[in-house]
Each structure stands twice: as C-alpha cells, then as structure tokens.
Amino acid sequence: MPRSFLRRPISLAAAALVAVAALVPVSATPVAATGGAELVDVANGYRADAGKGPVSVHSVINQIAVERGEQVADEGSLVHDFDYIMRRFDQENICWQGFGEILAYNGSGDYARFGEQWYNSSTHRSIMLGDYTHAGGHRAQADGRYYGVMIFVKLCGASVPPPTIAGFTDIAGSSFTEHIVWLVNEGITSGCTSTRYCPTDAVSRGEMATFVKRVLGLPIAAYDYFGDDGGSSHQDSINRMAEATLTAGCATGRYCPGGSLTRAQMASFLDRSLDLPTTNRDYFSDDDGTTHEAAINRLAAAGLVSGCTESRFCGRYAVSREQMAAFLHRAFGD
C-alpha cells in the first residue's frame, strides 16, 4: 500500500502514543539483508518492460525492509505496518515524498516468483511500477515459508530516473521506438552515447554510411575513395559504400561526411542498396527533375517511404536518427 505526503515532525500527542511501541529496529542485533538487490533487480525488470525508469537500492531503506521482513516472518501473516516504516524513516532522517510496501510469501523463496506474485496483483503492481526513486527488499524464512518484502520510496529532491529502453534513456517518448529497438537488436547502432540515442538529431552522411555498412555487412574496401573523410570515424564505412558502388560522394573526390543527410539522398542510398524494380508512377510533385526522383518513386512503390504531405516528399529536409531507424527497419527488417 502506498503513502504519499511530505515527512513531518511527529506531534507531541503522537509521540506519547508511539512511546509504548518500539522506537528502535525490531531486532536488537541487525539482520543481514537477504535478497535485497535481487528483489530490486526483479522489480526493475518489470519497470523496464513497462517503460519505467529503474529504482536504486538504498542501504537504509534496505535495512528497514530487513526489519519488516523479520517482523512479517515472526508474525506469520502479511500485515502492513506503515507507522513502523514512518518512524524508522524519521529516526534515520530520511525525507520522503511517498512510499509503498509490498508483501508476499511462497514455498520456494525464488526471487522471480515473488516478482510474479506482486506483478499479478493490481495493487502490488501499481506500487512496483510507481513514481519511486529508491527501494530496499528482504527475504525472510519461517515455518517452511519464505516471506518477501519490498519498500519503495520517492526521496525528497530526487528525480525519478527516465525509463530505459534498449539501453537508452531518451527514446520512451519517440513514436519510432519500435524501429530504434530493432536497430539496436540488429547491432546497427550503439547510440550517440552509451545511454542516449539522440532520436531527433539529424543523421550525417557519415553516420548513414555506417548504418548501411552494418545492415548490409559490406566487406572491407581495397581503396581510399575520398579525400575529405580522413579524420572521420566513418571513413572505413564510407570506403566500403563506395567500393560497393552505393555512393559517388557529394562531389569529385569528396564525400562530405559531416553534412546532414537529406530525405532525397537517403532515398538514393536505400534504392541502390535494395536494387528495387522500376515504376511508371510519379508519386510526388516536388521532386520532378531531381537526380533522386526515380529512387524516391521506387521506394514509394515498394511502400518503404511516404511523403511529408500527400503530394510532397520534402526531399531537402534532413533525416533524423529516429526517422532513419524507421527507413532501415522497413527496408531490411523481417
């Protein structure tokens, strides 16, 4: 069950009431945590599947979960004690905005089993996937049963971490997430950083070469075809593209690796890579007479591209990294 409000000092009246209860941990000797990190890992797996950011293991919250686990095991029943948790937060000077506790027992003690039990309960699932930043957990044993407890907390001043999808923290809001995940799973991209994909950034001509090299598995080139890519990390990919006759560069002896890739250029790259059949239909009105018109029409006929409007392709527009993921997935995916 969740609790959400800012921690506040206990009133004198409340203090008098809690004086008869334990104001110290239930165990005189602290019990070592069992399975706290494992339970948090299980919960984070479900959070990732739901597009939620992970919670971090908090050592003090973990210890409070240990105390609660031993209480539950001793009592042999799944009864929440929110007053105890709040008192312990106060004792440990933990400033919190909300917290929730989930309990379960089973005969195996398997951590994944606890996760299934909690996830299959709508109340427990809402806490497991809730707006929390930290958590702790414990597995206790008594009378042939294993008891699992987790405490989720949103700490004051802590921001909820962004959801991680395919290892990236910046694609949850993208309408191209499915295509980006495919790109990652196929080993075609590792992102713009170790944790970000940069979905709305423009694709450079150099990046396009690397995407195509990986998706087609192009062999190593025997020659260096261009004079302006010597300092580019994409030089090898560019040479492989040139040797496969998939590009002639942007001018004689130049590839322009840092230039933004346009939608029209992208169409020609993909058309050469796919060897698509010709078509007599002219799909768009704004590419007439351009060197990319035939490629654009062939891709449109194959259902691999659509226009920016019903009658326009907008070939001069730059291609974003998320759009490129969709183009590649449609062209080369199953």
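Arg240 is buried, with a relative accessible area of 16%. Buried here means under 20% relative accessible area, exposed means over 50%, and partly exposed lies in between (1.4 Å probe, protein chains only). The model is predicted: local features need pLDDT of at least 70, side-chain atom pairs count only at pLDDT 80 or more, and totals for chains, interfaces and linings use all residues. Residues are numbered from 1 along each chain as its sequence is written, and side-chain values use heavy atoms, with hydrogens and water left out.

The side chain of Arg240 meets that of Asp236 in a salt bridge (2.9 Å, N to O). A salt bridge is a side-chain nitrogen of Lys or Arg within 4 Å of a carboxyl oxygen of Asp or Glu. Both residues lie in helix α9, 4 residues apart, about one turn of the helix. Helices (H or I, at least four residues) and strands (E, at least two) are DSSP runs, numbered from the N terminus. Asp236 counts as partly exposed, at 33% relative accessibility.

Across the whole structure, 12 salt bridges are found. One of them joins the side chains of Arg254 and Asp228 (4.0 Å, N to O). Arg254 lies in the loop between α9 (235–243) and α10 (263–274), and Asp228 in the loop between α8 (205–216) and α9, so this pair ties together parts that are 26 residues apart in sequence. Arg254 is partly exposed, with a relative accessible area of 40%. Asp228 is also partly exposed, at 27%.

A further salt bridge links Arg312 with Asp286, with the closest N and O atoms 4.0 Å apart. This pair links distant parts of the chain, 26 residues apart: Arg312 sits in the loop between α11 and α12, and Asp286 in the loop between α10 and α11. Relative accessibility is 34% for Arg312, which counts as partly exposed. Asp286, at 30%, counts as partly exposed too. Elsewhere, salt bridges that share partners join Glu67, Arg88 and Glu92 into one network. Arg88 is among the buried residues of helix α4 (residues 82–91), which are Phe82, Tyr84, Ile85, Arg87, Arg88 and Phe89. After α4 comes Asn93, whose phi is positive, near 60°.

The loop between α11 and α12 also holds Phe313. Phe313 counts as buried, at 0% relative accessibility. Not counting residues up to four places away in sequence, Phe313 touches Arg263, Ala264, Met266, Phe284, Asp286, Ile296, Val305, Ser306, Gly307 and Cys308. Contact means heavy atoms within 4.5 Å. Asp286, one of these residues, is the salt-bridge partner of Arg312. Phe313 and Asn297 are 16 residues apart in sequence and 9.9 Å apart in space, C-alpha to C-alpha. Cys314 is found in the loop between α11 (293–301) and α12 (321–332). Cys314 has a positive phi of about 60° although it is not a glycine. At 3% relative accessibility, Cys314 counts as buried.

Ala166 is another non-glycine residue with a positive phi, of about 55°. Ala166 is found in the loop between β5 and α7 (177–185). At 34% relative accessibility, Ala166 counts as partly exposed.

Helix α5 (residues 111–119) has Tyr111, Phe114, Gly115 and Trp118 as its buried residues. They cover an arc of only 100° around the axis, which puts them on the same side of α5. The arc is that of the directions from the helix axis to the C-beta atoms. The cover over these residues includes α2 (36–49), β3 (96–106), α6 (122–128), β4 (134–142) and β5 (145–155). At the start of α5, a side-chain oxygen of Asp110 reaches to within 3.2 Å of the backbone nitrogen of Ala112.

Strand β3 is largely enclosed by the rest of the structure, because 9 of its 11 residues are buried. β3 pairs with β5 in the antiparallel sense over 10 bridges. Two strands pair if DSSP finds at least two bridges between them. Met150 in β5 is the bridge partner of Ile102.

Arg47 lies in helix α2. Side chains of opposite charge can pair when their charged atoms come close. Arg47 is buried yet has no salt bridge, and the nearest side chain of opposite charge, Asp131, is 6.4 Å away. For charge, Lys and Arg count as positive and Asp and Glu as negative, while His and the chain ends are not counted. Leaving aside neighbours within four places in sequence, Arg47 is in contact with Lys52, Gly53, Pro54, Val55, Met128, Leu129, Gly130 and Tyr132.

Technical notes: A polar contact is a pair of N or O atoms within 3.5 Å; within protein, one must be able to donate a hydrogen and the other to accept it, and residues adjacent in sequence count only if both atoms are side-chain atoms.
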